[in-house]
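Thanks for coming, everyone. I have one structure to walk through today.

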Amino acid sequence: MRVDIITVLPELLKSPFEASILKRAIDKGLVEIHFHNLRDYTDKSYNQIDDYQFGGGAGMVMMIEPIDKCISSLKEQREYDDIIYMTPDGATLNQKMANSLSLQKNIIILCGHYKGVDQRVRDLFITKEISIGDYVLSGGELGAAVLCDAVIRLIPGVLNNETSALTDTFQDNLLAPPVYTRPADYKGNKVPEILLSGNFPKIEEWRENEAHKRTEKLRPDLLK
Ligand code: ADE
């Protein structure tokens, strides 16, 4: 998968891709991440990329021209499956969306700032608008990092044990069951006996049951 990220703050976004699973995915050649600084696509003085909004009102709006130039130059080089705009008024990211995005080959992610982008950008170029939750961030970059993490870890070969993504919380609309590791007895607090039994069908049954119990207690909305 290739991800092109359009941003005014590439430095804010780089570190998540220089560590952990995302770095490993890049090193293995499973993912390519390219950053594009919107300020490189403006002819205006001071590398201006935003302007006052028509009709008045507080807050600057990102102009269409630099965004058009950047997206158009990318589209000349390859086809994109989706051009995603990170925005608090987008569809809230969930595991189903992450699963389906993980199957794509080339995507562009546009990070908004200030009051957002000129509406014509959304009308003309954007194919998906995604929010990472009902709160307002100072820009789309952290949302883009969250989206990339959620998507990239699902690409086959990225996780060592491929089945581990399949048993994640939210796959099957269930929370994951509790997990334990050594010691089996910590200051009198014991691991459930069944997990030490070696009876794998029974263990699987216990896990499913616990996943249901946990979901009913913490996220009953997922079971509806
Ligand atoms: N930009 C600002 N707030 C955001 C949010 N909640 N999700 C995605 N992008 C955003």
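Start with Tyr135. It sits in the loop between strand S7, residues 128-131, and H6. Keep in mind that this is a predicted model. Is Tyr135 buried, partly exposed or exposed? Tyr135 is partly exposed, because its relative accessible area is 44%, and the cut-offs are under 20% for buried and over 50% for exposed. Tyr135 also belongs to a nonpolar surface patch.

Now go inside. In soluble globular proteins, nonpolar side chains tend to be buried together. Here the largest nonpolar core holds 31 residues. Which of them touch the most other members? They are Val3, Ile5, Phe17, Ile109, Ile130, Leu147 and Ile152. Several elements each give two or more residues to this core: S1, helix H2 (20-27), strand S5 (82-92), helix H4 (95-101), strand S6 (106-111) and helix H6 (141-152). H6 gives the most, with seven residues.

Take Leu147 from that list. Leaving aside residues up to four places away in sequence, Leu147 touches Ile84, Met86, Leu93, Leu101, Ile109 and Ile130. There is another core, apart from the largest one, with 18 residues. Among them are Val8, Tyr85, Ile108 and Leu110.

Next, Val3. Val3 lies in strand S1, residues 2-7. Val3 counts as buried because its relative accessible area is 1%. Again leaving out residues up to four places away in sequence, Val3 touches Glu32, Ile33, His34, Ile107, Ile109 and Cys148. Look at Cys148 in that list. Val3 and Cys148 are 145 residues apart along the chain, yet their C-alpha atoms are separated by 8.5 Å.

Stay with S1 as a whole. Six of its six residues are buried, so S1 is largely enclosed by the rest of the structure. Arg2, Asp4 and Ile6 point one way from the strand. Val3, Ile5 and Thr7 point the other way.

Which strands pair with S1? One is S2, residues 32-37, parallel to S1 over six bridges. In S2, His36 is the bridge partner of Ile6. The other is S6, which runs parallel to S1 and is joined to it by five bridges. There, Ile5 stands opposite Ile109 in S6.

Last topic, charges. Side chains of opposite charge can pair when their charged atoms come close. How many salt bridges does the whole structure have? The search finds 13.

One joins Lys69 and Asp43, with the closest N and O atoms 2.8 Å apart. This pair links distant parts of the chain, 26 residues apart. Lys69 is in helix H3, residues 64-77, and Asp43 is in the loop between S2 and strand S3, residues 50-52. Lys69 is partly exposed at 30% relative accessibility, while Asp43 is exposed at 66%.

Another joins Glu129 and Arg122, closest N and O atoms 2.7 Å apart. Glu129 is partly exposed, at 26%. Arg122 is buried, at 15%.

Lys202 is partly exposed, at 42%. Elsewhere, salt bridges that share partners join Arg2, Asp4 and Glu32 into one network.

Technical notes:
Residues numbered from 1 in each chain as written. Predicted model: local features only at pLDDT ≥ 70, side-chain atom pairs only at ≥ 80, totals over all residues. Heavy atoms only, no water. Helix = DSSP H or I, 4+ residues; strand = E, 2+ residues; numbered from the N terminus. Buried < 20%, exposed > 50% of the residue type's maximum accessible area, 1.4 Å probe, protein only. Contact = heavy atoms within 4.5 Å. Core = buried A, V, L, I, M, F, W, Y, C linked by side-chain atoms within 4.5 Å. Patch = residues over 30% accessible without salt bridge, like charges linked within 9 Å, V, L, I, M, F, W, Y side chains within 5 Å. Areas by Shrake-Rupley, 256 points an atom, 1.4 Å probe, with all protein chains shown as cover. Salt bridge = Lys/Arg side-chain N within 4 Å of Asp/Glu carboxyl O. Pairing = 2+ DSSP bridges.
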